[in-house]
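Reader: I am new to this structure and would like a close look at one part of it. Please show me how its parts pack against each other.

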Amino acid sequence: MVELEHARALLEQMGLQTAAQLLDAQLEQSLHAQQTYVQFLNELLSSEQQQRQRKSRETRLKLARLPHRKSLEDFDFAFQPSIDKRQIEELGTLAFVAREENVILLGPPGVGKTHLAVGLALRALDAGMVVYYTTLSHLITDLKKAQLQGRLERRWRVYLRPAVLVIDEVGYMQLDRQEAELLFRLISERYEHGSIILTSNKYFSDWGELLSDNILATALLDRLLHHAHVVNIRGQTYRLRERWKAGVQPVPPAELPADN
Ligand code: ADP
Ligand code: MG
């Protein structure tokens, strides 16, 4: 069994930890099933590869900082008929990421913008991609802090490296001139280099006010929307639906005026 020990040590030295661990069991199984050498080798190396993929996904999932893990499969399209299910399914194939296009999810609160953004982000993680989630207010706070501490250039990498960057909740916070310039620089640098999934409760016509600068807003939207899939959600908030189901009425039934 010196040879077996030697083989295991070699696998470990080469960083094939799972293969090293499974060597004994795989050998025994192969002998039992009268497998060929090639079959044995394929199974051993496949286990190693699968384990690596699982670990890589776990690591990337942690680094992505998603607010939750709701998938596209969890989304009830019947509840939101203004969404074209086929369009979301097409986006779910991630062809837009390969083409470095953006996805813009628009609509009032509670209609599922974050859910869909996270669902698409999970698909990208499954496909082996690096993903990062942030809200606009976190993004701006983080960049300004980095700027103050003189490490802005290094910090950009967090937002430029991922194949998919989610910027959630654009519209709740109005940006001043300096903040708007940081956002503009980010959108410009990712333009035709990496995808952005952005959600907003504001119409594009309101972005001048949002960024405290009409010209900057026009230039920013020009880049953001040049290669973009815009999903406009016009519908009911799902949060209220859950309350209706629990028996809470949205409004008290109207008192009919006494008829006399
Ligand atoms: P938004 O980001 O547009 O404000 P969210 O995506 O946060 O809305 O949705 C609010 C909550 O309702 C979340 O828990 C989300 O998972 C759920 N939700 C919204 N729309 C749907 C839907 N069509 N099917 C299933 N869950 C939904
Ligand atoms: Mg949201």
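Author: Helices are DSSP runs of H or I with at least four residues, numbered from the N terminus. Axes are lines fitted to C-alpha atoms over the stretch in contact, and angles run from 0 to 180 degrees between N-to-C directions. The model is predicted: local features need pLDDT of at least 70, side-chain atom pairs need 80 or more, and totals for chains, interfaces and linings use all residues. Residues count from 1 along each chain as written, chains are lettered from A and ligands numbered from 1 in written order, and side-chain values use heavy atoms without hydrogens or water.

Begin with H1 and H2. Helix H1 covers residues 2–13 and helix H2 covers residues 17–32. They pack at about 150 degrees, and their axes are 7 Å apart. H1 is therefore roughly antiparallel to H2 (over 145 degrees; under 35 is roughly parallel, 65 to 115 roughly perpendicular, the rest oblique). Their crossing is right-handed (the near helix is turned clockwise from the far one by less than a right angle; anticlockwise is left-handed). On the H1 side, the contact (heavy atoms within 4.5 Å) uses Leu4, Ala7, Arg8, Leu11 and Glu12. On the H2 side stand Gln17, Ala19, Ala20, Leu23, Asp24 and Leu27. By class, this contact has 7 nonpolar, 1 polar and 3 charged residues (Ala, Val, Leu, Ile, Met, Phe, Trp, Tyr, Cys and Pro are nonpolar; Asp, Glu, Lys and Arg charged; the others, Gly among them, polar).

Next come H7 and H8. Helix H7 spans residues 136–148, and helix H8 spans residues 152–160. The angle is about 155 degrees, with the axes 8 Å apart. So H7 runs roughly antiparallel to H8. The crossing of H7 past H8 is right-handed. From H7, the contact takes Leu139, Asp142, Leu143, Ala146 and Gln147. H8 supplies Leu152, Arg155, Trp156 and Tyr159. Sorted by class, the H7 and H8 contact has 6 nonpolar, 1 polar and 2 charged residues.

Now turn to H9 and H11. Helix H9 runs over residues 177–190, and helix H11 over residues 214–226. They pack at about 25 degrees, with axes 9 Å apart. H9 is therefore roughly parallel to H11. Here the crossing is left-handed. Ala180, Glu181, Leu183, Phe184, Ile187 and Ser188 form the H9 side of the contact. Leu216, Ala219, Leu220, Arg223 and Leu224 form the H11 side. The classes here are 8 nonpolar, 1 polar and 2 charged.

Last, look at the aromatic pairs. The structure holds 4 of them (rings of Phe, Tyr and the six-membered ring of Trp, centres within 6.5 Å; planes under 30 degrees apart are stacked, over 60 edge-to-face, the rest tilted). One joins Phe79 and Tyr238: their ring centres are 5.0 Å apart and their planes stand at 90 degrees, so the pair is edge-to-face. Phe79 sits in the loop between helix H3 (37–64) and helix H4 (85–92), and Tyr238 in helix H12 (residues 238–245), so the pair ties together parts 159 residues apart in sequence.

Arg241 also lies in helix H12. Beyond its neighbours within four places in sequence, Arg241 is in contact with Asp76 and Phe79. Arg241 and Phe79 are 162 residues apart in sequence, yet 9.3 Å apart in space, C-alpha to C-alpha.

Methods:
Helices (H or I, at least four residues) and strands (E, at least two) are DSSP runs, numbered from the N terminus.
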